[in-house]
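Open the model in your viewer and keep the selection tool at hand. This tour goes stop by stop, telling you what to select and what is there.

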Amino acid sequence: MATKMIEMRGVNKWFDDFHVLKDIDLTVTKGERFVICGPSGSGKSTMIRCINRLEEHQKGQIIVDGIELTDDLKNIEGVRREVGMIFQHFNLFPHLTILENVMLAPTWVRKLPRREAHEKAMYYLDRVKISDQALKFPGQLSGGQQQRVAIARGLCMEPKIMLFDEPTSALDPEMIKEVLDVMTELAEEGMTMICVTHEMGFAKTVADCMIFMDQGKIVECSPPNEFFESPKSERTQQFLGQIL
Amino acid sequence: MNQTRTWLYKNLFSTPLNSGLTVSILYLLWLMIPPLIDWIFLQATWVGESRADCLPNEGACWAFVHARIDQFLYGLYPVAERWRVNVAFAILFLLFVAFFLSTVRRRWVSALILLPYPLLAWLLFYGGSWGLETVETSQWGGLFLTLVIAGIGITASFPLGILLALGRRSELIVIRSLSIGFIEIIRGVPLISVLFMASVMLPLFLPEGVNFDKLMRALIGITLFQSAYMAEVVRGGLQAIPKGQFEAAESLGLGYWRTMQKIILPQALKLVIPGVVNTFIALFKDTTLVLIIGMFDFLGIVQAATTDPKWLGTAVEGYVFCAAVYWLFCFSMSRYSLRVERKLDRGH
């Protein structure tokens, strides 16, 4: 039986009075790639941000790699070490060089010796094809390059799961491809991934499962061919009609 | 030649109003500058035994400063022991020179300045061991005392201010309330009253027989006072850091202190360098307030010297000299901070 990497059971979340997540149930096993889409405000980002507790859920259970997320800081830090996250706005550290950005967490969280952290960082920068920029600062790179650095920074912690929160939404059209290429490669190597995106071409190639969310609920969860050919709910059809 | 003319025209004589302003300002300068130079340099008396020696000349009586300079620098520190002060400052000077040489490891030099140096300096200044005669802090004075108070005040209030700023933004309610309470109470009180409290009231609350040094009390008062201001400056920087930076650090598994040390503070402090230096400069000048609790810092000792019957009537020279020295220190801090700002610029 495949190992469960992420398990969400009856997860509910409120922002004050606003009910953002309603009874979310979701199971992701090792090596699975989920793509989440839905209109803005549907709770997609909030849901994946709950997985590494950037947001706190108020009801239900979230278990990541066998660790349940509670108020326990030890658990939270344990989960964060195994879960990498890529943000819409990259969130690189502007005062550090590209290399330092990538080396930081391996050095201080994994406590790797400097030389080893350096080697590892260069390896992952190489993988996202940006090692030649290692000594520049983020401000000197294009958006697409910055996002690839962010991916290398996430990968350098050698996480078991990668979360992508609209990784290409802030990019110019001609830079989207370079980022998607890196993500596709990652998917093909068997990384467990959850990706919030509206890049349907990407979704079709890599997704094992498509999720459509609306008003805080998972409306549809099915394999991509089924999802795109014959969506069950009317709301999904309507949404796909608008974006395809 | 042509260039000069265009420059003159563009900057000084572009309109009739501008031409008028230029001419009248030149006239004012012509009225002011020559007498000033006369007073400071040409007509000044440089050496002499008393005010009487200055009377033949119309200019400044720098003889007063010249005759009293040792006292201005060291206060009432025993003459025979003054070499100790010189040695301590010489060592500090060498450390600073080492710090600015790019070939050495700055981290080590700053560690030397912050850890063993203060102990060594204390040993030299106060004495009492290694065969050095004890010099009570009540005998410390002059520029020496000003630098001691400012140096310790700056080095202690900076980290304390950072901690208070972090405390004020903490999610732990007890720490947050304590920080807010401290900052708001201290900021709402004049420094003079803090110093009075530290020097007059504090001993009343201490058990009998326990008494600690007046200088120490003044130092604690000044440090606490400035750290409250520092905290607010730093908080401004913390608030300017986008939420995404905290989230990125968290998502990598960095803990609170690491995140602050490696990600947030380096960026926040860089943003608030002008405000921080502003506070440093204010602190440097505020040290003169120790005068009211009976300590003779640089300004205090100069002021006291002007009342000497031999030198009556030299107050202006004393204050001008004082102002020039304060300005020199403050301006250096300001220039240095500009340099640091430029060096840390990452173009984002």
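Select B:C54 and B:C61. They form a disulfide, with sulfur atoms 1.9 Å apart (a disulfide is a pair of cysteine sulfur atoms within 2.5 Å). The torsion about the S-S bond of B:C54 and B:C61 is about 60 degrees, so this disulfide is right-handed. B:C54 is buried at 2% relative accessibility, and B:C61 is buried at 0%. Here buried means under 20% relative accessible area, exposed means over 50%, and partly exposed lies in between, with a 1.4 Å probe and protein chains only. Searching the whole structure gives one disulfide over all chains.

A note on what you see: this is a predicted model, where local features need pLDDT of at least 70 and side-chain atom pairs count only at pLDDT 80 or more, while totals for chains, interfaces and linings use all residues. Residues are numbered from 1 along each chain as its sequence is written, chains are lettered from A and ligands numbered from 1 in the order in which they are written, and side-chain values use heavy atoms, leaving out hydrogens and water.

**The sheet of chain A**

Switch to chain A and show the cartoon. Six strands make an open, mixed sheet in the order β6-β7-β8-β3-β9-β10. Helices (H or I, at least four residues) and strands (E, at least two) are DSSP runs, numbered from the N terminus. Two strands pair if DSSP finds at least two bridges between them. Strands of a sheet pair through backbone hydrogen bonds, either parallel or antiparallel.

Now color the edges: β6 (83-86) and β10 (217-222) of chain A each pair on one side only. From one strand to the next, the twist averages 15 degrees.

Zoom in on β6 of chain A. It runs parallel to β7 (residues 161-165) of chain A, joined by four bridges. Pick A:G84 and look across: A:M162 in β7 of chain A stands opposite.

Which helix lies across β6 and β7 of chain A? Select residues 73-82 of chain A: this is α2, running at about 65 degrees to β6.

**A hairpin**

Select β1 (residues 4-15) and β2 (residues 18-29) of chain A. They pair in the antiparallel sense over eight bridges. A:E7 has A:T27 as its bridge partner in β2 of chain A. Two residues sit between the strands of this hairpin, and A:D16 takes a positive phi near 50 degrees.

**Salt bridges**

Return to α6 of chain A and show A:D181 and A:K177. Their side chains meet in a salt bridge (2.9 Å, N to O); the term means a side-chain nitrogen of Lys or Arg within 4 Å of a carboxyl oxygen of Asp or Glu. Both residues lie in α6 of chain A, four residues apart, about one turn of the helix. A:D181 is partly exposed at 37%, whereas A:K177 is exposed at 55%.

Then select A:D214 and A:R235. The closest N and O atoms of this salt bridge are 2.8 Å apart. A:D214 is buried at 13%, whereas A:R235 is partly exposed at 27%.

Last stop, chain B: select B:R168, B:E184, B:R187, B:E232 and B:R235, linked in a network of salt bridges.

Technical notes. Axes fitted to C-alpha atoms, helices over the stretch in contact; angles between N-to-C directions. Contact = heavy atoms within 4.5 Å.
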